[in-house]
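Student: I would like to go through this model and ask what stands behind each label. Please set the value against the rule every time.

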Amino acid sequence: MARILTGIQATGRPHLGNLLGAIEPAVQLSAQPGNESFLFIADLHSLTAIKNPVELEQNTRAVASAWLASGLDPEKTVFYRQSRLAHYHTELTWYLSCLTPYPMLANAHSFKDKAERLSDVNAGLFTYPVLMTADIILYQADYVPVGKDQKQHLEMARDITESFNRVYGEVFKIPAEVINEEVMTIPGTDGQKMSKSYNNYIDIFLPENELNKVIKKIVSDATPLEEPKNPDTDNTFKIFSLVGTPEQVAEMRKNYLAGGYGYGHAKKELYEAILTRFSRHREIYNYYFENPEALEKQLKIGEEKAEAVARKTMEEVRKLMRFA
Ligand code: TYM
């Protein structure tokens with residue numbers, strides 16, 4: 001029995017990169033027989049950036065709705081908000097913090113990148129990887145499906161966990177990341193990694209006309225319509241190849257190479273492919289987002305299950321630390 005675990009921050013509606021890079025792979029892994037999964041909303045992590053409780057609550061609802069829209073089955077999965085188990089997560093974070101070398105955190109790419117760009121560089125942002133480690137090992141996860149940007153965080157999680165086991169006793173499993181090569185870095189509308197912070201993301205839950213506008217903004221070069229184009233260097237084609245069917249992708253590649261096919265044509269096909277592939281997602285998303293009670297019911301089921309597992313782990317931890 002393998003235990004799968006992953007979380008999505010509550011920074012807003014998950015974008016195409018989150019869906020293809022983490023949510024869908026995690027839901028697929030969860031559905032495999034013999035796997036057990038813990039899928040959650042990392043709302044405590046989002047406090048590093050969001051201070052408005054109403055906004056954070058809305059974002060949490062959006063992420064939870066997106067998980068359910070992507071096929072998460074709350075009966076078979078442990079589905080929860082990290083904040084509802086905050087006492088366990090934060091207690092373990094403190095124990096782990098005292099085993100985490102300062103230079104390890106100071107070298108985190110994600111911290112360095114954010115510290116350069118953001119005006120609010122708080123201690124939470126700095127110790128973020130320790131909370132992430134606690135999230136993972138509290139539930140004794142074996143595998144953590146994530147996008148490539150989380151690889152270093154998983155390396156730190158392993159180091160921190162090994163320190164705990166060495167100092168206090170072998171209580172925790174050592175987690176491994178699962179990074180699916182095809183979707184490890186979904187490009188955004190400007191070709192960089194798709195990210196909220198770069199404002200280059202595609203939100204598949206937008207109303208149709210707004211979605212179309214975002215797709216029209218995808219950056220392309222100035223090759224004239226009649227001329228052949230290189231699909232492998234074009235952002236629209238790259239994104240299309242992740243959402244279209246294999247036949248559609250092969251057809252678009254042929255059109256690029258043949259010439260007489262413009263980027264505008266490709267964008268129109270991308271827009272239609274997104275609407276087709278995600279039409280059911282959009283319906284389910286809207287249902288849960290607009291029915292907070294139905295959503296709450298699903299989360300409560302998971303939070304009870306998560307509580308039992310987290311409590312058991314923390315009982316063992318406290319015993320080892322002679323706090324109980
Ligand atoms: P977050 O919320 O930034 O992103 C959620 C997941 O989406 C993946 N992702 C992408 N994958 C491919 N292409 C992209 N352009 C792209 N953008 C984002 C991320 O790699 C991630 O898997 N620290 C985590 C949240 C977290 C967590 C955890 C994850 C908190 N605790 C425990 C796993 C286990 C984060 O900020 O992800």
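**Ligand, pockets and single residues**

Tutor: We start at the ligand: one of its oxygen atoms is 3.2 Å from an N or O atom in the side chain of N18. This is a predicted model, in which local features need pLDDT of at least 70 and side-chain atom pairs count only at pLDDT 80 or more, while totals for chains, interfaces and linings use all residues. Residues are numbered from 1 along each chain as its sequence is written, and side-chain values use heavy atoms, with hydrogens and water left out.

Student: How do you know how much of the ligand the protein buries?

Tutor: Taken alone, the ligand exposes 710 Å², and the protein buries 94% of that. Accessible areas come from the Shrake-Rupley method with a 1.4 Å probe; for residues, only the protein chains shown count as cover.

Student: Which elements give two or more residues to the shell around the ligand?

Tutor: They are β1 (2–9), α1 (16–31), β2 (35–42) and α7, and β1 has the largest share, 5 residues. Helices (H or I, at least four residues) and strands (E, at least two) are DSSP runs, numbered from the N terminus. The shell has 28 residues, the closest being Y128, D135, G147, D149 and I186; a residue belongs to it if one of its heavy atoms lies within 4 Å of the ligand. By type, the shell holds 14 nonpolar, 11 polar and 3 charged residues.

Student: What makes a space a cavity, and how many of 30 Å³ or more are there?

Tutor: On a 1 Å grid over the protein atoms alone, a cavity is a set of points where a 1.4 Å probe fits but cannot get out; a pocket is an open set with protein on both sides within 12 Å along at least five of seven lines, and lining residues have an atom within 4 Å of a point. The count is 1 cavity of 30 Å³ or more. The largest cavity holds about 40 Å³ of space, and S110, F111, K114, L125, Y128, P129 and H153 line it. Each of α6 (109–117) and α7 (123–137) supplies at least two of its lining residues.

Student: What is known about the second largest pocket?

Tutor: Its volume is about 310 Å³. Its lining has 14 residues, and L20, E182, V183, S241 and L242 are the closest to its centre. α1 gives the most to this lining, with 4 residues.

Student: Why is E182 called exposed?

Tutor: Buried means under 20% relative accessible area, exposed over 50%, and partly exposed in between (1.4 Å probe, protein chains only). E182 is at 69%, so it counts as exposed. It is found in the loop between β5 (176–178) and α9 (208–216).

Student: Why do I137 and G262 count as buried?

Tutor: I137 has 1% relative accessibility, so it is buried; it is found in helix α7. G262 is at 6% and is therefore buried too, but is found in the loop between α11 (246–258) and α12 (263–277).

Student: What makes the phi of Q140 worth a remark?

Tutor: Most residues other than glycine have a negative phi. Q140 is not a glycine, yet has a positive phi of about 50°. It lies in the loop between α7 and β4 (143–145), and its 15% relative accessibility is why it counts as buried.

Student: What is the phi of R322, and is R322 buried or exposed?

Tutor: Its phi is near 60°, a positive value in a residue other than glycine. R322 lies in the segment after α14 (292–320), and with a relative accessible area of 75% it is exposed.

Notes
Grid points are joined across faces, edges and corners, and a volume is the space filled by probe spheres set on the points. A polar contact is a pair of N or O atoms within 3.5 Å; within protein, one must be able to donate a hydrogen and the other to accept it, and residues adjacent in sequence count only if both atoms are side-chain atoms. Ala, Val, Leu, Ile, Met, Phe, Trp, Tyr, Cys and Pro count as nonpolar, Asp, Glu, Lys and Arg as charged, and the others, Gly among them, as polar.
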